[in-house]
Amino acid sequence: MGVDMSNPPTKDFFASPALSLSLAGIFRGAGANAAATATPSVEVEEGDEGSGGKRDETVEISSENSGPARSRSEDIDFDGRELAEDEEEEDDKNKKKKRKKYHRHTAEQIREMETLFKESPHPDEKQRQQLSKQLGLAPRQVKFWFQNRRTQIKAIQERHENSLLKQEMEKLRDENKAMRETINKACCPNCGMATTSRDSALTTEEQQLRIENAKLKAEVEKLRAAIGKHPAASNNSCSAGNDQENRSSLDFYTGIFGLEKSRILEIVNQAMEELKTMATAGEPLWVRSVETGREILNYDEYIKEFPVENSGNGRPKRSIEASRATGVVFVDLPRLVQSFMDVNQWKEMFPCLISKAATVDVICNGEGANKNGAVQLMFAELQMLTPLVPTREVYFVRHCQQLSAEQWAIVDVSIDKVEENIDASLVKCRKRPSGCIIEDKSNGHCKVTWVEHLECQKSTVHSMYRTIVNSGLAFGARHWMATLQLQCERLVFFMATNVPTKDSTGVATLAGRKSILKLAQRMTWSFCRAIGASSYNTWNKVSSKTGEDIRVSSRKNLNDPGEPLGVIVCAVSSVWLPASPNVLFDFLRDEARRSEWDIMSSGGSVQSIANLAKGQDRGNAVTIQTMKSKENSMWVLQDSCTNAYESMVVFAPVDISGMQSVITGCDSSNIAVLASGFSILPDGIESRPLVITSRQEEKSTEGGSLLTIAFQILTNSSPTAKLSMESVESVNTLISCTLRNIKTSLQCEDS
């Protein structure tokens, strides 16, 4: 894509604003299908969206595959043309009729605007300016296209709600007809009196039904009138704290999602009880594996304890993934609860696991600053850091509840009817009651018990990742728990004011330390987003001369100061190596051995000029390295992080003068970095050791690693340039040579 449509990273970790309510289908299929399904491109310059000059609130239905629609307030022709009504200048006393000008948008323009619409139905001035420059349109044209697109979505919503009302009316008519037939049968055709005492009792019952029928009719009419007023009375506020907006959302929940609010609250309360049992129960519900030490769910005991719907009614075969993990995190309880309920903070907390996330609707706001009792419908796209494993898309309802003065619970559960009404294709992955119990341990510590329980449609997984995915390790509780501990520890080191000198070499000021850590974190977020199988990226498979399976994608950066401007190519390859993850991680992060694999160093010396610790493990650090060669000198920013599940080494060349200003404490948001790096996972084959030993080197040599290597390069500084085959071949060669050097250094050429 030419424009980065993602949610911008927040200024401070855990300090991002709440994501406004979004379209339910906000992330589905962005890109390729947009032009084929995009029909609206009419601009109405009078008023705002045909609603009396008032802005409309975010609608709650998918904008995909929505055909031509007609608003009740005005007739609009959504045929790919843009209608602009310009008043001719005339005498104040005489007003002439308005002329209509038609402008046809190109398929490319419609596709780009559709893509931004899916991400942000209400783009701000900056986004509109950016898009208008890219598409060669006036900002007003972009503005009015978005207004009319929202008008069309409202029309679709009205049509959907009206169809539900019609169904209800038909049902009432059928009931009324049946009651009349029963009454006629129960009465004498001559005198109209009841034929028997039994029939008399039935007649009294029918009279009660008539009264209920009349009440239902009145309710339907009230709903019809309210829905007629609802779109025009909408305000533009997207704040989750706006009572009027949330009230209107709840009033029409049945119409939009096909499920009453009371039923959703009943389901999440049941899910909360199940989570508490799953988090605290021992045997026989959870059995500890003798070989791996991990807890395994006894599914026979589970179905005895909790009701499970029969999934054999025509659905594809599903696999169950259940796991539990417990750990202590360095963060206070209110901040941790907030990070789960704010979708931006939640996404930033787990960048390696979450590629996309959105709050679709707020069902209940909750009470107090911690939102006790809050319920919200959410969407997430879960990923692994490789393009070889497909993402998992899941809708779920998240509920936050205070259990005691020192204990909170966050529960996620997928609800069938809600999912199906939003997107019937999302049956591939569902959340059974999952989440975490958080217990305040004082002194800024919390004990977290995490339960992850997924029901996934069985699908083909690349053979290299089959073991780690099918075992539940890839998306299991251990992975979430390890990532949470790592990010919370990173936050503690970021906020620390009494950092020992040995943990902050080469940087004299606290402001400089924070500025560098922010830049490194932004670089790592960018890396995680660039190498996954998310629909953000379109991967093309190419084969190298040495036989590696390499995936290549490209994108254009028009004006994002966080990355170089121009055409960017990303190449990724995943391989198995017969080396332990610890050995591989230590080798790749060591600046003293960088010249062994980095062909950009040209064999020159590499030295560390700054080293900032961001965790207790010495592998969790941010370094600034200088590579000196005969021709020139280059600085590289490197962020290395490791936990019990995975490790990453992310790096990017940086401008020397710009980096020097960051070291002094200047803002790093305008420093352009293009992240490359490595993701390291265990291969998932867990077994008993062949010998018992206390020697660390013996332990570390057991097991292999799944290494994903990714390089991003700027192929052309002009965003309008096209990707050349020479650029693809050069990045292909870069991947192949780097892999060969790594295998040679680690003596695993035959892997």
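1. Let's start with two neighbouring strands. In this predicted model, strand β18 (residues 621-628) and strand β19 (residues 633-642) run antiparallel and are joined by 8 bridges. Helices (H or I, at least four residues) and strands (E, at least two) are DSSP runs, numbered from the N terminus, and two strands pair if DSSP finds at least two bridges between them. Lys 628 stands opposite Ser 633 in β19.

2. A word on reading the model: residues are numbered from 1 along each chain as its sequence is written, and side-chain values use heavy atoms, leaving out hydrogens and water. As this is a predicted model, local features need pLDDT of at least 70 and side-chain atom pairs count only at pLDDT 80 or more, while totals for chains, interfaces and linings use all residues.

3. Now for the whole sheet. It is open and has 10 strands in the order β13-β17-β18-β19-β20-β21-β22-β16-β15-β14, with antiparallel pairing. The edges are β13 (504-505) and β14 (540-543); each has a single partner strand, so one side of each lacks a neighbour in the sheet.

4. β14 pairs with strand β15 (residues 549-557) in the antiparallel sense over 4 bridges, and Val 542 stands opposite Ile 550 in β15. Next, β15 is joined to strand β16 (residues 566-577) by 8 bridges, again antiparallel; here Ser 554 stands opposite Val 569 in β16.

5. Helix α17 (residues 656-663) lies across β18, β19 and β20 (647-654), running at about 50° to β19. Axes are lines fitted to C-alpha atoms, for helices over the stretch in contact (heavy atoms within 4.5 Å), and angles run from 0 to 180 degrees between N-to-C directions.

6. Two other helices pack together. The axes of α14 (residues 477-495) and α15 (residues 510-531) come within 9 Å and cross at roughly 155°. That makes α14 roughly antiparallel to α15 (the cut-off is over 145 degrees). On the α14 side, the contact includes Phe 493 and Phe 494; on the α15 side, it includes Leu 517 and Ala 520.

7. In the loop between α8 and β3 (286-288) sits Pro 284. Most peptide bonds are trans, but the one from Glu 283 to Pro 284 is cis, with omega near 10°.

Key:
Parallel < 35°, antiparallel > 145°, perpendicular 65-115°, else oblique.
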